[in-house]
Amino acid sequence: MSVGKKEYTLRCMRCLGGRITVFTGDSAARCSHCGQNWRISWVTPEVAKIRGRIIEGGRKDGASSHN
Amino acid sequence: MERLAIIDLSSEQVECKDIPENVQRMYLGGEGLNAYLLYNHLSPGVDPLSPENVLIFGAGLISGCDVSSSRFEVTSKSAEGEGGFGTSNSGGFWSAELKYAGFQHLLIKGKASRPTYLWIHDGEIEFRDASFLWGHDTYESLELILDDLGDQNVQVAMIGQAGENLVRFANIMHGLKRAAGRTGMGCIMGSKLLKAIVVRGKQGLKVNDPEKLLDIFTSHRSQIMSTKIYPVISRYGTLTIFCVQNQSGMISVKNNQFNYFEEAEGRLDDEIFEEQYKTKSLACYACPLRCSHRYRIRSGPYAGVWGEGPEFYMMAGFGPAVGNADWDCILAANTLINRYGLDVGSTSGYIAWLMELWQRGIIDDKDTGGLNLDWGNKETILTLIHQMAKNEGLGGMIGQKASRAAVVIGKDSARYLYTQRGMMHESPENTRASRATTLAAATSSRGSDHLKGRCALEFYAMPPEVLAKIYGKPIASDFRSWEGKAWMAVWTQHFTTVVDSLGYCKFATIWPGSTHNLNYKQFCETIKAVKGWDVTPEELMETGERIWNLERMFIERETGILREGDIPPSVYFTPQPLEPLKGEKIDRAEYEKRLDEYYEIRGWTREGAPTAGTLKRLKLDGEPSHLL
């Protein structure tokens, strides 16, 4: 529930354009554009940031770009 | 009137000159006036490590006056790479103290007959024996100097053993972590047997309108502290960039083989650093950002190791770039790097290169002296740092040869070495998906330079109308688009050059992507209060362009490498392997087309040389003018 909580907007670091809305104290949020689920932390009670991704599938290594 | 001291280490003579106002208005101070002095005082074709090379220190024009303006620039003919334009920039307290001591610029020539340090205080310059400092690292040297002078408030710029041993990518260090890095300015200082420059002044600063300056200082401080980036930077410093770069797939992993480092999840981030290692925050002179840290490793094999920093570059360069996800190792490496006075980007870049050569079987344990170069091998990482600084073993060879090490190793080693203008590509950078940043970094004067090339506003998908308002021309919101990006690169290069000539920290300006931070308008306000000059943003932009072109003239004169030096490392033309930027690369033909556009905007030939008309427009057609 977002009642009484402040809203903060983050930029998705996966689709690099979509904006994610979080509310004070949220510890996770999903980008509605690309579906990436993120761990959220709070720098101050008013300022949030993405801390890292929540890995929901297996590891997705590609081939080295040097081949 | 600001003063220049010309210091001859060979004869131990000093000549002081007032800096004419017309020269200041054309080149400001810091980087700009350093470039002018280098072009005018260095004879063409001189070996960078010879006594004939000059080493120039310059405080910014307004260093010590405004908020977040305490940076200084060190400039010379480069020791790393092709002997081009060498320059580097550091924060701290040194530049303000130099001004209080009565000088804005120092031009050092010749070579001392014994290890020497300079003691500059209240208009006086003394040559002092530094034999007791030679062989000591920067932490030890700092303590010894404070004891020798009996003054805990002096500010010190110095070299560690890396500079003494002429490592091509040695830094000049200030305090415990501030570094004038890249292009081997510490190597040049070591070649002159100059261990340190110590400054202390009580002369104060003469400014045109002190009351107005105080108002401006207060206003600029509030402006910086009201931005969204402020609480993040003031708590985590540049470490916070790591998450952005890694999650966006713009980081170098294992020598640019990959662009996202999954091992970092839950192990390497700014908050873990704060929780487990950080002991305090630190700031440069008169800066509210306080983006630096002091840390201590509390347990494990490196328990008790302490130091200052680290920056994003350390975290990424000794993290993903070398396949390491261990904070302890990164911090132990950070302390070593700072004590020895080595450059982070080059040191980690060469270690990453060697590890890829090991991975591919191009070198084996006979080449490495028994070292195991598996990715993330912590002891090997630290051993190679020791070797580079002390000129021992495989690391020593790398430190002495730099990019020419590929000739020594031979086989297919050069294929995996990413350099520009002969200088190691900044190891953490893997921004090939962003067009303006790639172009601006690749065309920068020293080569591969994110401090001139990072067009941070490119990354934020900002509305076109906002970008047009800032840059004055249409710029595409998508960082993968080339539309308007040649102009964005030019604009950013001029802006960062003005910032480095005034002495501001880039993180107090709009450069890191905060549109509400200081911009040309605020710079003009400060210049008016400090110097009494009525300067417009347009005039400052042209000043940035003038300085940029003078640096290009130096590069043309000393190396002749123009267009071929403006090409990013070969790996930028190969596709990124991992999401979210999988498949992204720079198309070579498109890059060449955009380089043509960039040259056209600049008024340069297709080969990348300023035309006679451009030099005349910028009042550079009379250089070298020997006005100072």
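Me: pLDDT is the predictor's confidence in each residue, from 0 to 100. What does chain A average on that scale?

Reply: Chain A has a mean pLDDT of 83, and 79% of its residues reach 70 or more. This is a predicted model, where local features need pLDDT of at least 70 and side-chain atom pairs count only at pLDDT 80 or more, while totals for chains, interfaces and linings use all residues. As for names, residues are numbered from 1 along each chain as its sequence is written, and chains are lettered from A and ligands numbered from 1 in the order in which they are written.

Me: And what does chain B average?

Reply: Chain B comes out at 97, with 100% of the residues scoring at least 70. For the model, ipTM is 0.86 and pTM is 0.97. Keep in mind that where pLDDT is low, the predicted coordinates should not be read in detail.

Me: What makes two residues count as touching, and how many do so between chains A and B?

Reply: Their C-beta atoms, placed from the backbone, have to lie within 7 Å. By that rule, 23 residues of chain A are in contact with 28 residues of chain B. On the chain A side, β4 (37-44) and β5 (47-53) each give two or more residues, and β5(A) has the largest share, 6 residues. Sorted by class, that side has 8 nonpolar, 8 polar and 7 charged residues. Ala, Val, Leu, Ile, Met, Phe, Trp, Tyr, Cys and Pro count as nonpolar, Asp, Glu, Lys and Arg as charged, and the others, Gly among them, as polar.

Me: How is chain B divided?

Reply: Going by an automatic or database domain assignment, chain B splits into domain 1 (3-200), domain 2 (227-424) and domain 3 (439-617). The contact between domain 1 and domain 3 of chain B takes 40 residues from domain 1 and 28 residues from domain 3. α2(B) supplies 7 residues, the largest share of the domain 1 side.

Me: Why is α15(B) called oblique to α16(B)?

Reply: Start with the axes, which are lines fitted to C-alpha atoms, for helices over the stretch in contact, with angles from 0 to 180 degrees between N-to-C directions. Those of α15 (residues 378-390) and α16 (residues 393-401) of chain B come within 7 Å and cross at roughly 50 degrees. That makes α15(B) oblique to α16(B), because angles under 35 degrees count as roughly parallel, over 145 as roughly antiparallel, 65 to 115 as roughly perpendicular and the rest as oblique. The residues of α15(B) that meet α16(B) include Leu384(B) and Met388(B).

Me: What makes Ala402(B) stand out?

Reply: Most residues other than glycine have a negative phi, and most peptide bonds are trans. Ala402(B) is not a glycine, yet its phi is positive, about 55 degrees. Ala402(B) sits in the loop between α16 and α17 (405-409) of chain B.

Me: Which peptide bonds are cis?

Reply: The bond from Gly309(B) to Pro310(B) is cis, with omega near -15 degrees, and Pro310(B) is in the loop between β15 (306-308) and α11 (312-317) of chain B. The bond from Glu623(B) to Pro624(B) is cis too, with omega near 0 degrees.

Note on methods: Helix = DSSP H or I, 4+ residues; strand = E, 2+ residues; numbered from the N terminus.
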